[in-house]
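Colleague: I have a model open and want to learn how to read its features. Can we go through them one by one?

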Amino acid sequence: MALSKLKLIFTLFFLQAFLTSPTSIQAAPANSDLFREYIGAEFNDVKFSDVPINPNVEFHFILSFAIDYDPSGSSPTNGKFNVFWDSDNLSPSQVSSIKNQHSNVKVALSLGGDSVSSGSAYFKPSSIDSWVSNAVSSLTSIIQQYNLDGIDIDYEHFSADPDTFSECIGKLITTLKNNGVISFASIAPFDDDQVQSHYLALWKSYGHLIDYVNFQFYAYDQGTTVSQFINYFKTQSSNYNGGKVLASFISDGSGGLSPENGFFTACHRLKSEQQLHGIFVWSADDSKKIGFRYEKQSQALLATPH
């Protein structure tokens, strides 16, 4: 009897230690009120002040794009970044203004994107060390000039292997964070073999430094159903294990699960499962002509108590 009691006490002690150990259980990210929107790539005069901002969400504008190409967009520059967004309408003073008017707004810039000038925008470093050195210098200058808060990585074409991409981007994020230049970083992969091989290599080595995964669910086929979307979301949450994978739609309805066809139904379902880590939209430029109706709906959903 005494031995049984001893075993019971030992078992209870072990169980308590296991349950209270900070390293024993990795808590999955829970619901969030984060809303993010890309802006400025299409030069249609959209301004920060055009976009409705709900005071009860965390709101990130993402300037699209900064690219390490020469200003004409014809040649890669090995980490020396230039501004390729609509800087006339999205200027340093306008960044300061929108942040002063809305305490819940932060502004980031996105690197790369699909295209530059008339061709694809390639990640093409001469070497890891030279690219990182140039990128840290040029981006620090742009980020401080524009009073920005974070960066997003959206390279979609590669002239370097996944390990080189991982080291370049990982060291860039590490240095900018350590220097206090940025407070958050995100990545924007989509379901393409080459793209995924590069971003998953980055995630494997530097995932602990990446705050959000802006997975481009709108790159899936137009006409995606709610159940397909949920399955895609769970697959990518598994790929980027432990990451805050955000739900997403494209406001021109050209791909993925559209707001008209059940995007918000899917978001409510994710929210009920504590898996809605935020929503992002491509893009304010396209949403302008439809009055930002889905931005309003997204933020209302996110602002509702969890």
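Modeller: Start with burial. Buried means under 20% relative accessible area, exposed means over 50%, and partly exposed lies in between, using a 1.4 Å probe and protein chains only. Strands (E, at least two residues) and helices (H or I, at least four) are DSSP runs, numbered from the N terminus. One caution: this is a predicted model, where local features need pLDDT of at least 70 and side-chain atom pairs count only at pLDDT 80 or more, while totals for chains, interfaces and linings use all residues. Residues are numbered from 1 along each chain as its sequence is written, and side-chain values use heavy atoms, with hydrogens and water left out.

Colleague: Is strand β2 enclosed or open, and why?

Modeller: Strand β2 spans residues 58-67, and nine of its ten residues are buried, so it is largely enclosed by the rest of the structure.

Colleague: Which strands does β2 pair with?

Modeller: Two strands pair if DSSP finds at least two bridges between them. Strand β1 (residues 34-39) runs parallel to β2, joined by six bridges. Strand β4 (residues 105-113) is also parallel to β2, with seven bridges. Strand β3 (residues 82-83) is antiparallel to β2, over two bridges.

Colleague: What stands opposite F61 in β4?

Modeller: V107 does. F61 is also the bridge partner of E37. For β3, look at I67, which stands opposite N82.

Colleague: Now helix packing. What is the angle between α7 and α9?

Modeller: First, the convention. Axes are lines fitted to C-alpha atoms, for helices over the stretch in contact, and angles run from 0 to 180 degrees between N-to-C directions. Helix α7 (residues 263-272) and helix α9 (residues 293-303) pack at about 15 degrees, with axes 11 Å apart. That makes α7 roughly parallel to α9 (under 35 degrees; over 145 is roughly antiparallel, 65 to 115 roughly perpendicular, the rest oblique).

Colleague: Which residues meet there?

Modeller: Contact means heavy atoms within 4.5 Å. F264, C267, H268 and K271 in α7 meet Y294, Q297, S298, L301 and L302 in α9.

Colleague: How do α4 and α5 cross?

Modeller: The axes of α4 (residues 162-178) and α5 (residues 193-206) come within 8 Å and cross at roughly 50 degrees. That makes α4 oblique to α5.

Colleague: Last, where is G223?

Modeller: G223 lies in the loop between β11 (212-213) and α6 (226-239). G223 is partly exposed, at 48% relative accessible area. Leaving aside neighbours within four places in sequence, G223 is in contact with Q228 and G256.
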